[in-house]
Amino acid sequence: MPASALDVDELLARRRLRRKLAFWRVFTLLLVLLAGFGAFAWWNDGGLLPRSSAHVARITIGGLIHNERERLELLDSIGRSGARAVILSIDSPGGTVVGSAALYDGLRRLAEKKPIVAVVDGIAASGAYIAAMGADHIVAPRNSLVGSIGVIFQFPNFAELMKTVGISYEEIKSSPLKAAPNMFDPPTEDARAAVRALVEDSYDWFRGLVAERRLLAGEKLVQASDGRVFTGHQALPLRLIDEIGDERTARDWLERERGVPKDIPVRDWHTRRAGDEFGWLRGASIRLMSLIGLDDLANVLITAAGEAATQARLDGLLALWHPRGG
């Protein structure tokens, strides 16, 4: 075979080889990009699902509840989205009465457009239980904590300590109940009565909401609203919850009662506020730390960060449960 023919064959063979290499390089690149996209979608717990597509929206209520405009705007956005239903995941001891009531009102507005089921992820006490009542159905594990129906107003008093160290405090005010009680003077009976009236007024509202939403009256309402927390098992016969279970139970109820198929994917919705529940960070950190066996540490760090971010803004009448203060 002439040398020129060999050169042409070799040139054609090299071109075919280059085309094959280019094909496999592009194919490998696309495969890597697709795998990366899939991993990123998994990492974000469904956060890449388009808001206009059919899905079940999951909202997380964690840490201390306060009045938060961004969260209410988030609920309005879900109402305009393609979400077929909403799962309200709650793990909170409560917060301010004002913030809890605003969250309840926002959830009731959303419930006019989408069915909502609340799932207690650990504790739904005081203000968090107010939020839970904004749902159409409440599900809680057997050993979760639910209830603490009540309102509290706490203030420190350093009057005796100031006497001990020899510090005096003077003030001039327009009337005896202005800025009373305070931490520098022993509270007067009038000051105690004024604060008690505030607490009782908010408590009457809270108890009335429980009576209306949970269809309670008489002795059962008295028992359910005496300020204590109940396990999910105890709360069920009191009608404070509707079912014992978890998120799978909630999906069963949505399919059975509201016709929302269980194969519709779940999309997590979060606000961009730094003091939010850190749901996106929790998901990422738990996945990362689980690889090295530090799941519990991740949860502790995220919880501490969330509470630190909200504690400074917590003020006023509280619907809050904690073991030391009741």
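These are my notebook entries on a predicted model of a single chain.

**Ground rules.** I number residues from 1 along each chain as its sequence is written. As the model is predicted, local features need pLDDT of at least 70 and side-chain atom pairs count only at pLDDT 80 or more, while totals for chains, interfaces and linings use all residues; side-chain values use heavy atoms, with hydrogens and water left out.

**Whole chain.** I found eleven helices and nine strands, taken as DSSP runs (helices H or I, at least four residues; strands E, at least two) and numbered from the N terminus. Of the 326 residues, 40% count as buried, where buried means under 20% relative accessible area, exposed over 50% and partly exposed in between (1.4 Å probe, protein chains only). I also looked at contacts (heavy atoms within 4.5 Å): among those with a separation of 6 or more, 76% join residues 24 or more positions apart.

**Ser89.** I located Ser89 in strand E2 (residues 83–96). Ser89 counts as buried because its relative accessibility is 12%. Leaving out residues up to four places away in sequence, Ser89 touches Arg58, Ile59, Thr60, Ile61, Val119 and Asp121.

**Positive phi.** Which phi does Ser126 have? It is near 50°, a positive value in a residue other than glycine. Ser126 sits in the loop between strand E3 (116–125) and helix H4 (127–132), and is buried, with a relative accessible area of 1%. Next I checked Arg239, not a glycine either, with a positive phi of about 70°. Arg239 belongs to the loop between helix H8 (232–235) and strand E7 (243–244). At 36% relative accessibility, Arg239 counts as partly exposed.
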